[in-house]
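Please read them with the sequence and the coordinates open beside you.

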Amino acid sequence: MSIVEIEGLTFSFSRKEIPIINNFSFSMEKGEVVGILGQSGSGKSTLLRLISGLEMPMKGTIKIAGTTVVSEGVFIHPEERGVGMVFQDYALFPHMTVKDNILFGLSRLPRKQRKSRVDEMLELVQMESFEKRYPHELSGGQQQRIALARALAPKPNILLMDEPFSNLDADLKESIREELGLILKKADMTCIMVTHDRKDVEAICDYSIVVGQSNVPNDLNGDKIHTMK
Amino acid sequence: MKAELLKRKVKKEFNGWWTISLFGAVVILLPILFIFSSIFQEPNENWFHIRQYLLGNYVANTIILVVLTGVFTSFLGVTLAWLIAAYDFPLKRFFRWGLMLPLAIPTFIAVYTYRTMLGYTGVVQTTLRNHFDYQLKAEWLTISGISGAVFIFTLFLFPYVYMITRAFLESQSTSYIENARLLGRKPLAVFYKVVLPLSRPAIVGGTVLVIYEVLGDYGVTSYLGIHTISTAIFQTWFRMYDVNSAMRLAAWLMVIIAGVFFLEKLLRQRRRYHLSNKSRPLVPVKLRGMAGIAAFLYCGIVFLLGFLIPFVQLIAWAKLTFHKVWDASFFTLFYQTVYVALISTLLILILSVVVANVCRSHSSFSFMISKCVTLGYSIPGPIIAIGVLAVFISLDKWLAPIYSSVGLGEAPLILSLSLVMLIVGYFIRFMATGFNAIEVGFEKVGTKYTEASRMLGLGVTKTFLKVDLPLIKGSLISGFIVTFVEICKELPLALLLRPFNFETLATKTYQYANDEQIHEASISSLLIIAISILSVIIFQMIGKRGKQ
């Protein structure tokens, strides 16, 4: 069964503007890691925001794990979609420790299980000794790993990552890329990753969608899926 | 199909937050709509007289006052905010909070203090005559006319601009400023090219508050004999006993204000003022030698004129009349003032937070709501008073059957004789004060943390309590202080809407000053100032703890 099914998705920031995403259709299977490549302003991040429910499309349907989360007359709020997201600048809550950041998304879990889930996540990203630190006390790479742990903790159906390496330096990027690939595989996570760097896709993704390369530069189209591996 | 899309949109946007915002907007709009309805009534003879012979002069004076005060307060507020935020110089830490203190002195107290102090029998001229045998020309020091009013408004209202701009500058990322410096720009160019445009929302927010203070003023302008639209409204109401024409004047003033307000907001909405993602506090640059002394003198002179000199003068007068005025009834006055201000401030902040949170969606509906709830600040107090009174009398009429069924008699005036009316008046008038501070806080935080929280499974309300609220705490505290102090100082609404036998410190001060008992007015004036100073100290303490 497809974990994400998108049908005829169209989005524009205002009615007067040309749609940034036009009649886009796409589906992916459980456990796949898909990269979305494209230049700035091509609609990559907007696609993630539409899947997560932070934006509402003009037209089209999105199904996640068999449930329609948006269509004509249907809108499921972001918090009810079971989608995890790692933001470009991580958005770790500055007033909470690492532990509290990860605990944040576990409110639906029985209290007793929360602590063990936090430990599990910290172990997964190899940050066990950092649970009492605040985000500003972490390096860029460490912040990224905590953001990943936080997003994975509630066991989402799908993980969305918006330019996860854009804030890291080149050396760190190499090692984190490898680590991220391993963590995703270990967690058996379905993931869509937006990036503008082809190397990211080659290292982590099963295949990619290239956007913004057709005659209509800002159109996303399901036909432009290129298998990378 | 359209119905389906609408249903989906409602599902996405509509929640309890919207309902509360809508309710708040209706409460604020009702009295205002009542005033607007006067436009459609048949005008009387007085109105033709006012329009033909007086209106031009009123409008001209109002515009001159607003423009001059706006320019001077912006200049003073922004330059002081930049000095304090970006530089280190002698006593800078003291001035950082000391420059907020002029706001503690209401303008109607400041004007009688300065005028009496600088007058022929005041301390300045008396000292020059008696100790230096020097006779000063009367016009040199007299506080009178438009220049006198602008002097008072500027000195005592600039902290609005200073506080909001300083908070904005201190907490924003330094990367823009550092970048500008690295690109070879000198400090002055950095200020004009980077700091000013970036701080525009804060500067505009503060200046708009100052302008509405000036537009709603009665104390200073009436004391100095300047005819503005607000004094005209008072005169039409109290001297001509023509409420209809007074409301008509107010309605047209509101049309002008609303037009300017919408235009400014529209222009501001087109440009976004994003801050850089990683916010580091601004590291102050040490000013050495003459530059340090100049900065110290600039802040020192403003502090002396805007706070210390009038404050000391009031203390001197208070010593003369203390035994006569200070008794048990003064404690009641103090308690009543704090009580009514506290309830009103809390109500204002709760609605401000709700509406500002709704407005983060940047939809046209939220834009309309934000404009509705902040309209009250632009409306002179007496006009809000008459609007509120009319609504409450209608409410009492409407509730009369319920009153009689619970044994309160036939058609009594319950609500319109209660303190609720004054609280609603304050609520309408000062909603903008709280809202603006919180809106700036939300703008600063952005939406990324809220979105992250939603993605982690928390709804709008839980996200607000766990994420937004701790992050906007600073803005909430400044909003609380500014609103609380404003209400403690407020005069016209308290005079007109207070229940029988209910006095506040401001009404008592006005009563004394109006009776030419300037010295007697000093004690209640000092108490108002004390409340304000206490708020500033608490603000400082909480701020420090927050930083730690």
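This is a predicted model: local features need pLDDT of at least 70, side-chain atom pairs count only at pLDDT 80 or more; totals for chains, interfaces and linings use all residues.

1. In chain A, five strands make up an open sheet whose order is E2-E1-E4-E5-E6, with antiparallel pairing. Strand E2 (21-29) and strand E6 (74-75) of chain A stand at the edges and have a single partner strand each, so one side of each is left without a neighbour in the sheet. Helix H1 (residues 44-52) of chain A packs on this sheet, where it touches E1, E2 and E4 of chain A, and its direction makes about 115° with that of E1(A).

2. Within the sheet, strand E1 (residues 2-11) and strand E4 (residues 59-64) of chain A run antiparallel and are joined by five bridges; A:Ile6, for its part, has A:Ile62 in E4(A) as its bridge partner.

3. Helix H3 (residues 111-124) of chain A has 14 residues and spans 21 Å from its first C-alpha to its last, close to the 20 Å expected at 1.5 Å a residue. Its buried residues are A:Val118, A:Met121 and A:Leu122, and because these fall within an arc of 100° when seen down the axis of H3(A), they line one face of the helix. The cover over them includes helix H2 (98-103) and helix H4 (140-152) of chain A, whereas A:Lys112, A:Gln113, A:Ser116 and A:Glu123 are exposed on the other side of H3(A).

4. The contact between the chains takes 23 residues from chain A and 22 residues from chain B. On the side of chain B that touches chain A, the largest share, seven residues, comes from H21(B), and the residues of that side divide into 10 nonpolar, four polar and eight charged.

Terms used. Residues are numbered from 1 along each chain as its sequence is written. Chains are lettered from A and ligands numbered from 1 in the order in which they are written. Two strands pair if DSSP finds at least two bridges between them. Helices (H or I, at least four residues) and strands (E, at least two) are DSSP runs, numbered from the N terminus. Two residues are in contact if their C-beta atoms, placed from the backbone, lie within 7 Å. Axes are lines fitted to C-alpha atoms, for helices over the stretch in contact, and angles run from 0 to 180 degrees between N-to-C directions. Ala, Val, Leu, Ile, Met, Phe, Trp, Tyr, Cys and Pro count as nonpolar, Asp, Glu, Lys and Arg as charged, and the others, Gly among them, as polar. The expected span of a helix is 1.5 Å times one less than its number of residues. A residue is buried if 20 or more other C-beta atoms lie within 10 Å of its own, exposed if 12 or fewer, and partly exposed in between; C-beta atoms are placed from the backbone. The arc is that of the directions from the helix axis to the C-beta atoms.
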